[in-house]
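Here is a short report on one protein chain. Keep the structure open as you read, and find each part as it comes up.

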Amino acid sequence: MALPSSSKPASTPATKRQMAKRHAVFKALDADVFTQAWAENSALTTRSAQALQSVGVVRPWRDGQVVLSRGQPTSTALLLMKGRLRVSVTTPEGEEQLLRWMLPGEISGLSSVFAETTYPADLVSVGPSQVLHIERTRLIDLISRDPVVAVDLLRILGLRINQLFDTLADQGMHSLEQRVWAALERIAKFNSVKVPDGVMLRVSQTDLAQAASASRQRVNQQLRHFQDQGLIRLGYRNIVLLRQ
C-alpha cells in the first residue's frame, strides 16, 4: 500500500520521493476508474435487479432510521434502490466503527437470509432512501428458477468476503498513519468524485475516525500532517486527495 512519507517536518515541501508515492497512490485512485469498477462489481446486473424487483416490495426510509440492527433476526434481503445506507458495528466499549456505505444497486443480507441467522451489522439510512425488501421464500424460489440470478448473487457474496478480508487487514495495521491512509483508500473506492485538483471523498472526520478505529482527535492530527505534506486538503465533511 502506498503511504505518504513522514520522515520530513510538516513544513518541508514534498520531496521527489514523496511525490512519486503520491503519484503511485493516484494511479490506483483514479476516480472515474473506481466509480466504474465499483458500480460494475458491487452492484447486481440490470437483469438480476429487475428479476428481484418482480418479487420484492419497496419501502421508504427516513434519514437516521435503522433499517436493520446487529443481531436482529431477518428473513429479508435488501436491495438499495435510492439513497445511501450506513453499515457499521459497535465495539464492546460502545464505540461505533464504520464499515462502509451501501450504494444504489447493492444488495445486503444475503448471508443472513441463506443461513437463516441474524444480521451482522447496523444498517442506517443516510438521508431519505428506498429499499427493496425480498422475503426469503420468494428469493429462494427465484434463484431456483433463474440460475443467472443465482450466479450473480454468488458473485456478490464473494465480493463481500473479499471486502471483509480487506477490512480485517486494515484493522491489523499497527501504525495510525497506515490505518488512516488505508481508510482513505477504501472510502475513495465507493464514495468519491473527481474534482479539478484531485479526488474528493465525501466523508466527515468522525466517520473516518470510526473507519480507522481511532479517536477523532488523533485522526484529525494525522490528517493535518497529510495536509502539511501537500497530500490532501481538508474541507467541510470532505477530504480531497490532491494531484501533484
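## A sheet and its core

Met200 stands opposite Val240 in β10. Strands β8 and β10 pair in the antiparallel sense, over four bridges. In general, strands of a sheet pair through backbone hydrogen bonds, either parallel or antiparallel.

Now widen the view. The sheet is open and has four strands, in the order β7-β8-β10-β9. Its pairing is antiparallel. Strands β7 (192-195) and β9 (232-235) are the edges, and each pairs on one side only. From one strand to the next, the twist averages 25°.

The table lists the pairs, each with one example of residues that stand opposite each other.

| Strand pair | Bridges | Sense | Opposite residues |
| β8 and β10 | four bridges | antiparallel | Met200 and Val240 |
| β9 and β10 | four bridges | antiparallel | Ile232 and Leu241 |

How many residues lie between β7 and β8 in their hairpin? There are two.

A helix joins the picture. Helix α9 (residues 216-228) lies across β9 and β10. It runs at about 130° to β9.

**The largest core.** Which residues touch the most other members of the largest nonpolar core? They are Val180, Leu184, Leu208, Leu223 and Ile232, out of 26 residues in this core. Several elements each supply at least two residues, among them β4 (96-102), α8 (205-211), α9, β9 and β10. Helix α7 gives the most, with seven residues. In soluble globular proteins, nonpolar side chains tend to be buried together.

Another core lies apart from the largest one. This other core has 18 residues, among them Leu44, Ala77, Ile134 and Ile143.

**A loop residue.** Thr118 sits in the loop between α4 (110-115) and β6 (122-135). Is Thr118 buried, partly exposed or exposed? Thr118 counts as partly exposed, because its relative accessibility is 35%. Leaving aside neighbours within four places in sequence, Thr118 is in contact with Gly71, Gln72, Pro73 and Ser112. Thr118 and Ser75 are 43 residues apart along the chain, and their C-alpha atoms are separated by 8.8 Å.

**The whole chain.** The chain has nine helices and ten strands. Buried residues make up 48% of its 244 residues. Count the contacts with a separation of 6 or more: 73% of them join residues 24 or more positions apart. The chain exposes about 12,400 Å², and carbon and sulfur atoms supply 54% of that area.

The chain averages a pLDDT of 80, and 78% of the residues score at least 70. Where is confidence highest, and where is it lowest? It is highest in strand β1 (residues 57-61), at 97, and lowest in helix α2 (residues 31-42), at a mean of 46. Over residues 5-16, pLDDT stays under 50. The model has 17 contacts beyond four places in sequence for that stretch. Over residues 21-40, pLDDT also stays under 50. For residues 21-40, the model has 38 such contacts beyond four places in sequence. Where pLDDT is low, the predicted coordinates should not be read in detail.

Notes: Residues are numbered from 1 along each chain as its sequence is written. Side-chain values use heavy atoms; hydrogens and water are left out. Two strands pair if DSSP finds at least two bridges between them. Axes are lines fitted to C-alpha atoms, for helices over the stretch in contact, and angles run from 0 to 180 degrees between N-to-C directions. Contact means heavy atoms within 4.5 Å. A nonpolar core is a set of buried Ala, Val, Leu, Ile, Met, Phe, Trp, Tyr and Cys residues joined through side-chain atoms within 4.5 Å. Buried means under 20% relative accessible area, exposed over 50%, partly exposed in between (1.4 Å probe, protein chains only). Accessible areas come from the Shrake-Rupley method with a 1.4 Å probe; for residues, only the protein chains shown count as cover. pLDDT is the predictor's confidence in each residue, from 0 to 100.
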